[in-house]
Amino acid sequence: MTQSARMSLSALSSIRIVLVGTPHPGNIGATARAMKTMGLTQLCLVSPARFPDWEATAMAAGADDVLENALLFDSLEEALSGTVLQVAFSARHRALSHLPLTVREAAAEAVSVAAAQPHQLAQPVAPQSVALVFGNETYGLSNEEVMCCGRLAGIPVDPSFSSLNLAAAVQIAAYELRLAALAG
C-alpha cells in the first residue's frame with residue numbers, strides 16, 4: 001500500500017456517520033457493523049427511539065466498540081458541530097438548492113476533504129470532520145435536515161423500488177468511502 005493510500009485511509013477517522021431519528025435499534029447495530037467493516041468508527045445518533053438497546057448490540061455482531069463510543073445528540077445541528085462538509089443522503093428527488101451527487105462522487109469529495117484536515121484521534125469526534133447524514137427508515141430526512149448539509153447525495157437504485165434499508169445504505173456509502181481512500 002502506498003503512503004498516499006495510507007494517508008487517505010487515515011482520513012476515514014475524520015468521517016462520522018450521523019443517523020437521525022432511527023426508530024429501530026437493530027438498524028443502529030447493523031450500521032455499526034457496516035461502518036466497522038470499512039474502517040469507520042465515528043457514529044453519531046440524533047434522537048434515536050431506543051439506544052442503548054440489546055437489539056443494537058446483537059446486530060452489531062462484533063462492532064460493539066462502535067456502539068459503545070457512539071455519541072447521542074438532541075439535534076442534527078449539534079451532531080454536525082465542527083464539521084467542514086456535511087452530506088445528506090436521500091432517495092427522494094428534491095427541488096432544493098443542492099445539486100445532487102452520486103454516492104461515489106460524495107465519497108470522493110468526503111475523503112478528499114477529510115484527508116486535508118488535521119487528525120486528532122484522541123478525541124471522541126474528530127474536529128473539522130466530515131459527516132454523512134442518513135434519515136430514519138420510514139421518512140428519510142426532512143427538507144430542513146437536508147438544508148443543514150452542504151451536499152445532497154443518493155444511491156442510484158431502481159426507481160421503481162427505491163426502499164433501501166438504512167444499514168444497507170450506510171454500507172454502500174462506507175464501501176465507496178473506502179474505495180475512494182484506497183485510490184488515494
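The model is predicted, so local features need pLDDT of at least 70 and side-chain atom pairs count only at pLDDT 80 or more, while totals for chains, interfaces and linings use all residues. Residues are numbered from 1 along each chain as its sequence is written, and side-chain values use heavy atoms, with hydrogens and water left out.

Most residues other than glycine have a negative phi, and most peptide bonds are trans. Against this background, the bond from Phe51 to Pro52 is cis, with omega near 0°. Pro52 sits in the loop between β2 (42-46) and α3 (54-60); helices (H or I, at least four residues) and strands (E, at least two) are DSSP runs, numbered from the N terminus. The loop between β2 and α3 also holds Ser47, whose phi is positive, near 45°. Ser47 is partly exposed, at 41% relative accessibility, where buried means under 20% relative accessible area, exposed over 50%, and partly exposed in between (1.4 Å probe, protein chains only). A positive phi near 45° is likewise found at Ala61, in the loop between α3 and α4 (64-68). Ala61 counts as partly exposed, with 47% relative accessibility.

Turning to the strands, β4 (residues 83-89) pairs with β7 (residues 151-154) in the parallel sense, over 3 bridges; two strands pair if DSSP finds at least two bridges between them. Here Ala88 stands opposite Leu152 of β7. Strand β5 (residues 100-102) also runs parallel to β7, joined by 3 bridges, and Leu101 faces Ala153 of β7 as its opposite residue.
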